[in-house]
Every structure is written in structure tokens, then in C-alpha cells.
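Work through the two exercises below with the sequence and the coordinates open, and try each task before reading its solution.

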Amino acid sequence: MFYAKKQTANLIASALAELGVTEGFDENSIVTMLEYPPSPENGDLAFPCFRLSRTLRKAPPMIASDIKAKLSAGGLFEKIEQAGGYLNFYFDKTVFSDVIIKEICDKKEKYGSSDEGKGKTVVLDYSSPNICKPFHIGHLGSTVIGHSIKKIHEFSGYNCVGINYLGDWGTQFGKLMVAYRKWGNKEDVEKGGIDVLVDLYVRINHEIDGDPEHGIEGNKELADEARAEFHKLELGDPDNIELWKWFKEISLAEYEKTYAQLGITFDSYLGESFYTDKMPAQVQKLREANLLKIDDGASIVDLSDYKMPPCLILRSDGSTLYPTRDIAAAVYRHDTYDFAKCVYVTSDQQILHFKQWFKVVEMMGYDWADKLVHIPYGTISVAGVKLSTRHGNVLLLRDVFGQAVDKVRSVIEEKNPDLENKDEVAEAVGIGAIIYYYLLGSIGKSSSFVMDDALSFDGNTGPYAQYTYARTCSILAKAKQNGVSYGAADVKITSDEEFALAKQLALFPEKVKAALDGYEPSVITHYIFDAATQFNRFYHNCPVLTAEDPDTVKTRLMLTESAGHVLKSAFSLICMKAPEKV
């Protein structure tokens with residue numbers, strides 16, 4: 001719709017120039033003022049004249065009347081009407097659709113992309129699980145939201161660097177080492193992998209925390225042992241280093257299975273441990289800037305002037321913390337990639353953490369501090385209960401994916417048993433259903449995961465959208481099989497459903513821009529549903545291959561191809577696959 005908006009804005013700008021308005025209302029500003037009427041009866045675009053009242057010292061209806069007198073229909077515009085303080089623009093259905101359809105058929109899956117980010121690098125830190133913990137449904141957020149934001153930036157011309165900032169450092173590894181040495185053995189871990197490590201981690205946390213509700217006291221000595229083991233790890237103890245590397249290898253092997261299912265790859269797996277030797281320089285810089293203060297033995301940065309709690313840099317024993325590592329990582333990334341922005345996708349529980357260390361980076365004098373962006377997403381619970389690996393309350397992602405794939409496979413066996421690549425399709429649709437469900441809501445809102453809702457195949461769901469795409473492929477395949485060609489035929493619009501679909505497809509570039517600016521993948525997810533619904537309405541009301549007029553057949557085939565290209569591109573932006581047969 002950018003094309004139509006620019007044409008409309010150009011027409012209005014010329015009329016305003018004739019009325020003596022030459023400043024403040026150029027073509028670009030007018031584009032932002034244009035609105036979509038609530039009903040097609042009110043036109044395809046509307047221009048509200050209210051903001052011109054102060055400039056022209058007239059009531060909006062009079063302004064609208066004056067502008068209309070300077071306008072004439074023709075070309076893109078079938079007619080232009082005044083309605084109170086609005087000017088309503090009605091497109092010539094065939095002229096508009098011809099431009100949009102041919103542009104999509106020419107650009108194919110590149111339609112909607114842009115070069116907005118040309119020459120700019122964006123670093124994206126997402127997924128970033130803590131090693132020795134399995135992927136559960138709560139990890140899905142950072143992973144698919146982050147990758148979707150990366151895909152949207154790439155689609156908009158940015159050079160993107162995806163970083164999986166593994167949580168491979170911290171006191172939790174001291175806990176795991178103590179637990180392994182007390183209750184674990186190599187044979188069990190090699191056989192059971194990450195599941196055995198999780199059991200050990202849960203056990204030691206239960207031992208440390210106790211169970212006050214049942215009168216069981218916690219063992220704080222174990223907590224002290226864990227801190228001591230991590231401190232030894234930081235100092236480079238050979239035995240602890242060897243054990244830590246083994247735990248990390250086991251974890252990465254498990255994570256790669258999930259990333260493969262999601263079709264996600266990363267450019268870097270540099271985790272927290274990588275920055276161990278880079279933190280001292282940042283701590284020293286803080287000291288030299290007189291930003292560090294000692295509080296009960298710990299080193300902090302006072303943020304009271306910014307109405308925030310102090311940012312803890314070093315514990316009293318000298319151990320580093322998350323802010324120390326994050327600051328060192330940000331400096332390294334800027335020096336390495338010279339980013340235009342560095343985006344962090346994490347749970348909204350970390351909002352304060354990011355505000356604190358972002359402010360510390362600014363106080364340290366780094367002039368790129370304003371390029372750091374935190375995208376918090378709402379936490380997810382299961383049946384209203386917060387997820388926690390340390391307490392053993394998790395819904396494993398592999399189990400969720402397995403159930404989804406099994407359900408799709410059973411549907412395929414019932415309705416399309418002769419389908420080729422059934423397992424591949426079942427995985428694409430089953431996992432796509434989970435992704436779509438997750439990315440349907442605004443990322444800022446917390447939600448409760450309900451398996452039955454996620455795996456529903458009715459209404460606004462991933463399977464519905466993927467089936468719609470497969471339908472476009474089927475129609476085009478049948479046309480080719482029947483020898484029907486359409487090439488770059490002239491478009492001939494004969495129904496409201498054809499025009500409505502063309503308008504819906506024309507919105508895609510705007511939706512990509514909105515998703516980019518708002519870091520909001522749900523914009524694309526909702527668009528997918530709207531586009532799929534509009535195509536199905538067109539399909540049910542407008543025979544494609546059996547239309548009597550050859551020109552109508554060609555137009556509808558081009559519309560079908562256009563819808564397929566747009567849906568496939570949109571799927572890619574939210575990490576969904578596009579099977580051609582379902």
C-alpha cells in the first residue's frame with residue numbers, strides 16, 4: 001500500500017501547494033496522516049483535514065471542500081469524495097491491482113523487503129539458555145521471538161549477527177559440580193545426558209532450600225560448597241574446568257536438536273565464560289572513573305540518582321556477576337561488529353537488570369550506550385504456575401513438539417494417507433502450530449501455555465495458514481499440469497473478492513515495517529491470518545481454473561501466485577516452514 005499512499009499524498013500535496021500551503025505538509029508527512037476507512041464504502045484511503053485547521057484558519061469540512069476542488073480522478077483513482085472533514089479516495093480496482101500483482105509476481109519472496117538497513121549491522125542476543133538445563137516451553141520465547149526479529153531485520157536490509165549468549169558461567173555450575181560429585185557418576189550422565197544433569201541440579205537445590213512447609217531445614221553448607229567450587233572454576237582449577245567443559249558439550253548436543261527443528265542457526269555461541277578475561281579491564285575502567293563504591297565488601301555502582309538500586313559488579317569475595325559479564329560482552333561486540341544497535345531479547349523479569357547495566361555503560365562514557373536495546377517478553381506459565389528448572393517445574397519443549405507432531409501425523413494418516421514426506425510435513429506443521437500460537441500474542445504480555453489451544457487446528461492457527469499456502473501451490477500446480485499459462489498477462493478485476501485480496505497483499509510491506517519498528521513479530525502473525533482468510537474468501541467465491549473468461553483465469557492465477565509468495569515470506573519471518581502439500 002506504500003505505492004498507493006505515495007500517489008495519494010502526491011496528489012494532496014499538489015492541491016495544498018495551489019492553496020498556498022507549502023510548509024509542514026509535504027508528501028512524506030501526508031503519507032503518515034492517511035488512514036484506512038473502517039468500511040470499503042468510505043473509500044480505500046482517507047485524508048483527515050483536521051490538522052490543517054490552524055494553518056488555513058478554517059473548519060475541516062471547508063478545508064476538505066477546498067482541497068477536493070483542486071483534485072480530479074483518473075489513473076489510480078476512480079473517484080474522490082468529501083465526507084465532512086475527510087477526503088475519501090477510491091481506487092480504480094484494475095489499475096491498483098495490476099500494479100500490486102505484477103510487483104509481487106516480479107519480486108516473488110522478496111516482495112515486502114527493503115534496503116532500510118543497508119550498510120548497518122545489528123547484533124541480536126537471544127535464546128541464550130543456561131547450559132545443563134533442557135529446553136522447556138519458557139525458553140521458546142527468547143528463541144523464536146529473537147530469531148523472528150533477526151529475520152525481520154534481515155528482510156529489511158540489515159546485516160545481522162545472531163548470538164547465542166550461553167549461560168555457561170555462574171554459581172549454578174558450582175552447585176552442579178557438588179551434586180555430581182556427591183550423587184552422580186559418569187556412566188549415568190553419558191547415558192541420560194542433560195536429563196541426569198537436571199535431576200542433579202534439582203536435587204541439590206531441594207537440599208539447599210529444604211522444605212519449610214514440611215519442617216525440613218535447608219543445608220546452607222551445600223550452598224557455601226557450591227560458591228567455593230564456582231570460585232575455583234573462575235580461578236582456573238583444572239578439574240573443575242574439565243568437568244565444566246563436559247557439561248557444556250552435553251548441553252550443546254541437546255540444544256542443537258531443538259534448533260534444527262526450528263530451522264535456527266547462530267553466528268556465534270560465545271557464552272558468558274568467554275568474557276572471563278575481559279571483565280577485569282571493565283572493572284578497572286569503573287575504578288578509574290570513580291564509579292565503584294564498596295558496600296558491605298561488595299563493589300557496586302550507585303544508581304540512586306537514576307532512581308534505581310545499585311548495580312552489583314563484584315561480590316565481596318571478588319566473584320563477578322551478570323552485569324560485569326554483560327558490560328564486557330557489550331564492549332567486545334561493539335569493538336568486533338561496530339553495531340548500529342545491539343538487541344537483547346529476554347524475559348521481562350530482567351527489565352531492571354538491563355536498565356541498570358545500560359546506565360552503567362553510559363556512565364562509563366561509551367558513546368554507543370544508546371544503541372543498546374532490550375526487548376522484554378512476557379513470561380509464560382503452565383496452568384498458571386511459573387516455570388522453574390531448579391524446582392523441577394518444567395514442560396520440556398521436546399515433549400511439546402513431540403505431541404504436536406504426533407497429532408498432525410495422525411490427522412495426515414486419516415485425511416491424506418498417500419501424502420509424500422509425511423514425517424517431514426508433520427514436523428513442519430506440528431512445530432509451526434506451536435510457534436504460531438506463541439507469536440500470536442504481543443510479546444510484552446505474559447501468558448499461560450495451554451496445550452489444547454496450541455494444538456487446535458481451527459481458526460487463527462498455524463495449520464490453517466499453512467494449509468492455505470498449500471492450497472495456492474495446489475492450484476498453480478494444477479494449472480501447470482493443464483497447460484494453462486498466464487505469464488505477465490494484463491490484470492482484469494471483476495469481483496470485490498479479487499480487489500480485497502489485492503489490497504490485503506499490498507499491506508504486507510507496511511506490516512513488515514511496523515514489525516521492524518516495534519520489534520513485534522505478532523504483527524506478522526496476525527497479518528498471516530488476515531491474508532489467509534482473505535485468500536480463502538477469494539478462493540470460495542471466485543473460481544480460478546474454471547472461470548469462463550480466459551483473462552479472468554489469468555488474473556486469478558496471478559492473484560493466487562501472489563498470495564503464495566506473500567504467505568511464504570511471512571512464514572519465514574516468524575520461523576515457520578511452508579510445506580507445499582499438507
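**Exercise 1.** Describe the space in the second largest pocket and the residues that line this pocket.

*Solution.* The second largest pocket holds about 1,000 Å³ of space, in a model that is predicted. Of its 33 lining residues, those closest to the centre are Y467, A470, R471, K581 and V582. Next, assign the lining to elements: α15 (397–415), α18 (462–481) and α21 (522–541) each give two or more residues, and α18 supplies the largest share, with 11 residues.

The model's local features need pLDDT of at least 70 and its side-chain atom pairs count only at pLDDT 80 or more, whereas totals for chains, interfaces and linings use all residues. Residues are numbered from 1 along each chain as its sequence is written, and side-chain values use heavy atoms, with hydrogens and water left out.

**Exercise 2.** Find what the aromatic pair of F135 and Y259 ties together, and state whether its two residues are buried or exposed.

*Solution.* Begin with the geometry: the ring centres of F135 and Y259 are 5.4 Å apart with 85° between the planes, which is edge-to-face (ring centres within 6.5 Å make a pair, and planes over 60 degrees apart count as edge-to-face). Then locate the partners: F135 lies in the loop between β4 (121–125) and α6 (140–155) and Y259 in helix α11 (residues 238–262), so the pair ties together parts that are 124 residues apart in sequence. Both F135 and Y259 are buried (under 20% relative accessible area, with a 1.4 Å probe and protein chains only). Finally, widen the view: ring pairs link F135 and Y259 into a cluster with Y126, Y255, F266 and Y269.

Terms used:
On a 1 Å grid over the protein atoms alone, a cavity is a set of points where a 1.4 Å probe fits but cannot get out, and a pocket is an open set with protein on both sides within 12 Å along at least five of seven lines; lining residues have an atom within 4 Å of a point. Grid points are joined across faces, edges and corners, and a volume is the space filled by probe spheres set on the points. Helices (H or I, at least four residues) and strands (E, at least two) are DSSP runs, numbered from the N terminus. Rings of Phe, Tyr and Trp (its six-membered ring) pair if their centres lie within 6.5 Å; planes under 30 degrees apart count as stacked, over 60 as edge-to-face and the rest as tilted. Buried means under 20% relative accessible area, exposed over 50%, partly exposed in between (1.4 Å probe, protein chains only).
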